[in-house]
Amino acid sequence: MTSNPVHRRTVLGGAAALVAGFALAGCGDGDDGPEPEERRKGQKIELTFWSWVPGIDKPVDRWNRENPEVQVKVEKVSAVNGEQYAKMHAAIKAGNPPDLGQIEFPVVPSFLLDNGLLDLAPLGAARHKGKFFGWQWQQSVFGKGVYAIPQASGPMGLFVRQDLFDEWGVRTPGTWDEYESAAKAVRKKGAWIETFAPTNGNRFAGLAWQAGAKWYAADGDTWIVGIDDEPTRKVADYWESLVRRKLVKTIPDRQNAWYKDLQTGAVAAWLGASWGDALLSGNAPGTKGKWRAAPMPQWKAGEKVFANWGGSTTAVFAKARYPKDALDFAVWLNTDPESIALLIDGGYGFPSAKKGYATADLDVDKPFFGGQAYSRIFADAGAHVDTSWRWGPGVDTLYQRLGDAFTDALADGGSFRAVLKKVQGQTLADLKGKGLKVESGG
């Protein structure tokens with residue numbers, strides 16, 4: 001059995017199966033490389049797998065024990081500032097990518113532009129669709145092609161230092177208006193409720209997502225880009241107001257200074273994702289028992305509208321020599337109950353698989369959260385994510401653009417709306433430069 005690598009000409013067709021394909025002006029089909037093979041019975045092979053997921057070695061070791069003929073070799077790649085993707089793109093360009101790679105939902109389309117991923121549909125990938133949450137499966141479906149197997153999502157919530165909130169008489173906010181009031185109350189105590197991390201485009205996307213933004217859509221063979229849409233402007237105005245009134249810090253999150261603030265209580269909350277439990281417990285161990293998780297604040301009281309930050313897949317690269325075996329491994333890794341248990345123990349996020357675990361199994365840091373069954377918060381958020389959100393090409397570059405523009409705005413006093421307008425224009429130019437048909441939306 002053989003499968004064909006994806007071509008730029010036939011892939012980037014917008015959301016789900018709404019568009020059959022893209023005709024990219026001036027783009028050739030590229031070099032397919034050697035023809036994939038089907039492993040002979042008894043033949044021993046080795047697949048390479050690039051990943052940054054904590055503890056990924058344990059489920060892979062289990063696979064290797066149970067599948068002596070198909071051994072998987074893990075190579076850890078750094079996930080700092082997109083280093084893993086730069087390495088993967090370079091490997092694709094050089095013609096020597098691994099067989100499989102860890103790729104987040106937002107950047108799958110960028111790899112399709114590189115002709116980097118294998119279409120798994122001819123291998124029968126669709127028969128596994130029912131094993132996963134539908135909206136997560138669709139994140140890697142373009143046209144009739146399936147380009148990755150979903151692994152985990154990151155439904156968003158609010159982590160709070162409950163001890164400090166109780167001491168200061170601050171209520172956990174249920175709405176964004178209440179969040180602003182809480183920010184004022186926390187600031188009066190000499191601390192900060194949060195940081196607006198200017199370089200964290202991924203989280204900003206999640207905030208816009210919850211507000212109803214639609215950054216990417218498709219109309220026929222044309223991408224509609226709406227980074228400067230009204231919901232995103234609402235989010236930008238909200239956070240600019242907090243920043244200008246000095247109610248939030250503006251240091252990067254997930255770096256040393258921020259971790260110190262978590263330890264000391266200088267920062268008393270964090271709008272994070274489900275995988276943030278491991279991040280907090282691993283980097284602020286002195287605060288064990290003091291944190292709680294709460295739902296993400298809502299724009300209107302009583303609503304239940306949530307968003308996702310991150311989310312990963314296991315993708316097969318176009319030059320994989322044994323694609324059927326690679327697909328089998330990717331599906332096993334993300335659906336086998338014992339594999340899921342090992343991934344959960346490593347802190348990889350919320351499983352994309354529908355079965356093979358219980359929500360309570362995800363409470364691996366329960367003592368850190370004072371005994372709270374905190375994963376229920378994220379399970380409920382995941383059930384109310386706006387599933388109409390879709391990613392488009394060039395998101396990795398988009399994040400860099402947002403980070404640069406927000407950093408400049410903080411330095412020179414520029415407006416956050418100007419940031420959106422600037423990045424909207426840059427993104428349109430970036431996609432046109434890649435030969436894509438694109439129009440401004442919003």
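How many helices and strands are there in the protein chain? Here are my notes as you look it over.

1. The protein chain holds 16 helices and 14 strands. Please keep in mind that this is a predicted model, so every value below is computed from the predicted coordinates.

2. On overall dimensions, the radius of gyration is a friendly place to start. A compact globule of 442 residues would have a value near 22 Å, and the protein chain has 22 Å, so the two agree. Along the principal axes, the C-alpha trace spans about 70 × 50 × 35 Å.

3. Of the 442 residues, 57% count as buried. Among contacts with a separation of 6 or more, 76% are between residues 24 or more positions apart.

4. As for the surface, the protein chain exposes about 17400 Å², with carbon and sulfur atoms supplying 49% of that area. There are 53 positive and 51 negative charges, and their mean positions are 3 Å apart.

5. Helix α15 deserves a look of its own. It covers residues 395-412, and at 1.5 Å a residue its 18 residues should span 26 Å; the end C-alpha atoms are 25 Å apart, which agrees. Just after α15, Gly 413 takes a positive phi of about 80 degrees.

6. Which residues of α15 are buried? They are Val 395, Leu 398, Tyr 399, Leu 402, Gly 403, Ala 405, Phe 406 and Ala 409. The elements that cover these buried residues include α4 (108-113), α8 (201-210), β8 (216-219), α9 (230-244) and α16 (416-433).

7. One of the covering elements, α4, is also where you will find Phe 111. With a relative accessible area of 0%, Phe 111 is buried, since buried means under 20%. Leaving aside residues up to four places away in sequence, Phe 111 touches Tyr 85, Met 88, His 89, Ile 92, Ile 103, Gly 116, Leu 117 and Phe 317. Gly 212 is 101 residues from Phe 111 along the chain, and the C-alpha atoms of these two residues are separated by 26 Å.

8. Now to Trp 63, which sits in helix α2 (residues 57-66). Is Trp 63 buried or exposed? Trp 63 is buried, with a relative accessible area of 7%. Not counting residues up to four places away in sequence, Trp 63 touches Val 70, Val 72, Asp 328, Phe 329 and Trp 332.

9. Asn 115 has a positive phi of about 55 degrees although it is not a glycine. Asn 115 lies in the loop between α4 and α5 (134-138). Its relative accessible area is 18%, so Asn 115 counts as buried under the 20% cut-off.

10. The other is Arg 254, with a positive phi of about 60 degrees although it is not a glycine. Where does Arg 254 lie? Arg 254 is in the loop between α9 and α10 (256-264). With a relative accessible area of 34%, Arg 254 is partly exposed, whereas Asn 115 is buried.

Methods
Residues are numbered from 1 along each chain as its sequence is written. This is a predicted model: local features need pLDDT of at least 70, side-chain atom pairs count only at pLDDT 80 or more; totals for chains, interfaces and linings use all residues. Side-chain values use heavy atoms; hydrogens and water are left out. Helices (H or I, at least four residues) and strands (E, at least two) are DSSP runs, numbered from the N terminus. The radius of gyration is taken over C-alpha atoms; the globule rule is 2.2 Å times the number of residues to the power 0.38. Buried means under 20% relative accessible area, exposed over 50%, partly exposed in between (1.4 Å probe, protein chains only). Contact means heavy atoms within 4.5 Å. Accessible areas come from the Shrake-Rupley method with a 1.4 Å probe; for residues, only the protein chains shown count as cover. Lys and Arg count as positive and Asp and Glu as negative; His and the chain ends are not counted. The place of a charge is taken as NZ of Lys, CZ of Arg, CG of Asp or CD of Glu. The expected span of a helix is 1.5 Å times one less than its number of residues.
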